[in-house]
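Below are some notes on the model you sent.

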Amino acid sequence: MKRIIYLDNAATSYPKPKQVARAVAKTIETIAGSPGRGAHRQAITTSRILFNTRLDIAKLLKLKNPERIIFTKNATEGINIALKGLLKKGDEVAISALEHNAVIRPLAVLKKKGVRVRYAPLDKNGLPDPSRLPKVKMLITTGASNVTGAVAKIKALGRACKAKKIFFFVDAAQIAGSIPFDTSNIDILACAGHKGLLGPQGTGFVWFAEGLTPKPLLDGGTGSESELADMPSYWPDRFEAGTMNTPGIAGLHEGIKYLLAKSIKAVREHEMALNKIVLEMLMNDSLIIVYPPFDTRKRASLISFNVKGVDPAEVGDLLDRRGIAVRTGLHCAPHAHKFTGTFPEGTIRISPGALTTQADVKRFTQELYKILKGR
Ligand SMILES: Cc1ncc(COP(=O)(O)O)c(C=O)c1O
């Protein structure tokens, strides 16, 4: 059977560095114990896995206070912890026009409880304009749109938020590990562990700057301060109720170490080169509509397009039969599709990753070309 060409890294990365799966297997096979539960050496080893992973995440993304990294099962859970734990009746937040449902849906719940949600003044790509921020409690932006790939101006937004005393919340699901960005003025950062950070599915985290303490989303056992009915007062225990995904976090640590060794900058250059190959092919075909921005330096490693007059699902199916996996339809971000005029049909999205090769994207362009010629 032909090897699958996987071009859906915006959903979850594949392949991962080999050591990721090895670390997951090794943890399951050789380490007996639950982090924080018990003083035997095996339990201490699991606690150390979590501790060391936090340290390396903080090093990779230049985050202060690694204990303020809360492990979650994905970016969505981290976003829920932040929004539901910090916002209350009467608070007003501003968002971009490109938010994922991971942000939109928790905000819809909070709206019913009296939180006000508005769009920030937007730039031409649908992202917040740093020069025109409204005075709200929190600005929430995706680091990059998972529909158009447009990248937010994180440094300028961070500075503007700081000047106006607005909490700056970045949903970094589409940029962490694949685009270098300035975290110095970010107050809340939610990341998926299983996308650009190259960890297994079931991993993610949210980080909070000093001074911000959300209400815990979950209450339960932590192995610490067990005599108290309340959650422990200290980080990260206060927010990590229940047994943690130690094997997954051990795998995530290998993804992080891979990125520390290679550098996010090098991944970015690799992915931009792949995107350039695809963009050139797509933009030179009159049957294809590509959605802006068109400059690879201003977009994450994903490209949304449509074939004129053809349902995106049909193109996806034809590619799938040729061994090429892409995403089609609505990509969990209905506002972004409305902004680009691709609602409700959606788009075909291809997203090369850190371990995608030039041969993979060339094969995609060849197969797409054959499909177009056959019409
Ligand atoms: C911008 C954005 N935010 C949040 C998410 C949710 O990530 P997860 O599936 O890890 O919860 C995604 C996933 O596609 C995304 O693209």
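1. A cut-off comes first, since several points rest on it: a residue is called buried if 20 or more other C-beta atoms lie within 10 Å of its own, exposed if 12 or fewer, and partly exposed in between. Please keep in mind throughout that this is a predicted model.

2. Lysine 62 sits in the loop between α2 and β2 (69-72). This lysine is not a glycine, yet its phi is positive, about 55 degrees. Is lysine 62 buried or exposed? Lysine 62 has 12 C-beta neighbours inside 10 Å, so it counts as exposed.

3. Leucine 198 also has a positive phi, about 70 degrees, without being a glycine. Its place is the loop between β7 (188-192) and β8 (204-208). As background, most residues other than glycine have a negative phi, and most peptide bonds are trans.

4. Two peptide bonds deserve a look. The bond from tyrosine 14 to proline 15 is cis, with omega near -10 degrees. Proline 15 belongs to the loop between β1 (5-6) and α1 (18-30). Proline 292 and proline 293 are likewise joined by a cis peptide bond, with omega about 5 degrees. Proline 293 lies in the loop between β9 (288-290) and β10 (303-307).

5. On helix packing: two packed helices are described by the angle between their axes and the distance between the axes. For helix α2 (residues 41-61) and helix α6 (residues 246-262), the axes come within 9 Å and cross at roughly 30 degrees. The crossing of these helices is left-handed. On the α2 side the contact includes Thr46, Ile49, Leu50 and Asp56, and on the α6 side it includes Ile249, Leu252, His253 and Ile256. By class, the contact of α2 with α6 is made up of 10 nonpolar, 5 polar and 3 charged residues.

6. The chain is split into domain 1 (18-262) and domain 2 (264-373). Taken over C-alpha atoms, the centres of the two domains are 27 Å apart. How many residues of each domain are in contact with the other? The contact involves 25 residues of domain 1 and 26 residues of domain 2. On the side of domain 1 that touches domain 2, the elements giving two or more residues are α4 (101-111) and α6. That side of domain 1 has 12 nonpolar, 11 polar and 2 charged residues.

7. Finally, tyrosine 369 is part of helix α10 (residues 358-373). With 12 other C-beta atoms within 10 Å, tyrosine 369 is exposed. The C-alpha atoms of tyrosine 369 and glycine 211 are separated by 54 Å, and the two residues are 158 residues apart along the chain.

Note on methods
Residues are numbered from 1 along each chain as its sequence is written. This is a predicted model: local features need pLDDT of at least 70, side-chain atom pairs count only at pLDDT 80 or more; totals for chains, interfaces and linings use all residues. Axes are lines fitted to C-alpha atoms, for helices over the stretch in contact, and angles run from 0 to 180 degrees between N-to-C directions. Helices (H or I, at least four residues) and strands (E, at least two) are DSSP runs, numbered from the N terminus. A crossing is left-handed if the near helix is turned anticlockwise from the far one by less than a right angle, and right-handed if clockwise. Two residues are in contact if their C-beta atoms, placed from the backbone, lie within 7 Å. Ala, Val, Leu, Ile, Met, Phe, Trp, Tyr, Cys and Pro count as nonpolar, Asp, Glu, Lys and Arg as charged, and the others, Gly among them, as polar. Domain bounds come from an automatic or database domain assignment.
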